[in-house]
Amino acid sequence: MKNIGLITEYNPFHNGHKYHIKQSLKLTSADTVVAVMSGNFVQRGEPAIVNKLSRAEMAMKNGTDIVIELPFVYSVQDAGGFAYGAVKTLDMLCGIDSIVFGSESADINLLGKIASELIKEEEKYDQLIKDYMKKGYSFPQARKFILMDNLDEDTEKIINKSNDILGIEYIKNLKKINSQIKPQVIKRIGADYNQKSISGKFSSATAIRDYIKTSYEKSELKTFIPENVYEILLKNFEKGTGPVFYENLKELVFYKVLTSEREELAQYKGVTEGMERRIIDAVNSENSLEDAVMKIKSKRMTHTRIKRTIINILFGITDSDINRYNEYGPQYIRVLAFNEKGKKFLAEYKKNIKVPVITTASQYYPIYKYLLKNSEKEDKKYISEPEIFRKMFETDLLATKIYSLLYPDKKMSNYNIDIDEKILIF
């Protein structure tokens with residue numbers, strides 16, 4: 001049995017994603033496709049356009065065999081934290097042979113060379129990045145300059161591209177955890193990851209979201225996404241459970257900031273260098289969340305970094321929280337959907353998985369009690385740390401509750417949606 005892992009957001013699933021799955025299967029001759037997917041919030045620091053179960057359904061109807069939810073605390077981290085959580089999740093499944101990711105360069109050797117260099121000189125680069133940032137450069141700019149100074153001229157063609165940057169992080173984290181999973185690449189085709197305008201059959205998820213936000217001709221979406229994805233999106237739009245956009249967070253974020261002291265804001269992950277003052281000023285002076293973000297933005301803080309920081313403030317996530325999550329790793333495998341091949345995969349490898357496999361959210365508390373009871377045993381079944389497990393999973397539950405508050409039709413909000421919804425079986 002040959003199994004591949006894909007690290008995804010599917011926000012929403014589009015033709016490029018379908019091409020990725022098809023080419024990954026062609027490259028590897030795999031039997032099973034396992035997708036680790038962000039939940040209701042994604043790496044840009046935004047809510048997903050439709051909820052995680054709808055996006056899992058999109059994936060299952062277009063070539064995946066299992067969809068695993070990436071815990072919220074990794075899905076909203078920077079590229080390194082996001083990659084670590086996803087790679088570690090796939091490694092913990094014990095049956096993944098390779099990770100296949102899209103890449104602008106499709107140069108696995110150069111990506112691997114950069115990843116190795118970053119590991120070998122980690123402390124040196126960390127200090128150099130801090131030095132560059134003190135000069136006013138953002139983190140991505142600082143990393144770019146350092147790599148160009150220390151590697152050959154081919155480096156520049158990679159370190160400016162979103163998928164190549166993520167690919168480097170995937171390879172780096174595979175190496176750091178000594179995983180046996182093999183990284184493989186396929187050439188990314190069509191629109192750039194960040195492209196905002198629709199450009200034919202292979203348009204970016206960013207462009208598709210912007211199109212949904214501005215266009216009344218929703219039927220034209222069929223050009224950019226599979227028919228079954230269009231139907232899933234339309235169903236959500238008609239029910240009032242989508243589309244969800246970043247601006248939907250405004251009232252929650254503004255309330256959190258307006259009811260917090262400066263000292264409290266300063267403790268959250270990403271709030272540095274007096275940023276809390278700019279956040280308070282922006283909330284008090286701007287009428288939209290996006291305008292507030294633009295007012296907070298500075299030369300050394302990217303737009304996306306500020307969005308992730310605001311999510312950390314909303315959810316009360318501190319530096320120490322992130323440090324602990326990244327030290328201990330994902331504490332469970334949360335299955336959102338599977339088919340017969342996925343069921344076979346779980347049956348074959350579950351006995352080797354050292355963290356709980358959760359198929360319904362209601363299992364979480366009995367598992368937590370079990371972990372507490374057996375935490376001191378030397379031959380314990382799971383390596384999960386009870387309190388980290390609890391906090392990580394409860395943050396997932398909170399993320400789903402908050403997400404449901406963002407629905408266009410407020411009557412559709414359901415604070416117990418994670419408990420009420422069942423795993424998708426195909």
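The structure is a predicted model, in which local features need pLDDT of at least 70 and side-chain atom pairs count only at pLDDT 80 or more, while totals for chains, interfaces and linings use all residues. Residues are numbered from 1 along each chain as its sequence is written, and side-chain values use heavy atoms, leaving out hydrogens and water.

The chain holds 21 helices and 10 strands; these are DSSP runs, with helices (H or I) of at least four residues and strands (E) of at least two, numbered from the N terminus. Of its 426 residues, 55% count as buried, that is, under 20% relative accessible area with a 1.4 Å probe and protein chains only.

In soluble globular proteins, nonpolar side chains tend to be buried together. A nonpolar core is a set of buried Ala, Val, Leu, Ile, Met, Phe, Trp, Tyr and Cys residues joined through side-chain atoms within 4.5 Å. The largest such core has 99 residues, and F41 and F72 are among those that touch the most other members. Apart from this core lies another, of 33 residues, including A35 and I208.

S75 belongs to helix α3, which covers residues 72-75, and is buried, with a relative accessible area of 1%. Its side chain reaches the backbone oxygen of F41 at 3.2 Å, and a polar atom of that side chain lies 3.1 Å from the backbone oxygen of F72. Beyond its neighbours within four places in sequence, S75 is in contact (heavy atoms within 4.5 Å) with residues including S38, F41, L70 and F82.

Conventions. Buried < 20%, exposed > 50% of the residue type's maximum accessible area, 1.4 Å probe, protein only. Polar contact = N/O pair within 3.5 Å; in protein donor to acceptor, adjacent residues only side chain to side chain.
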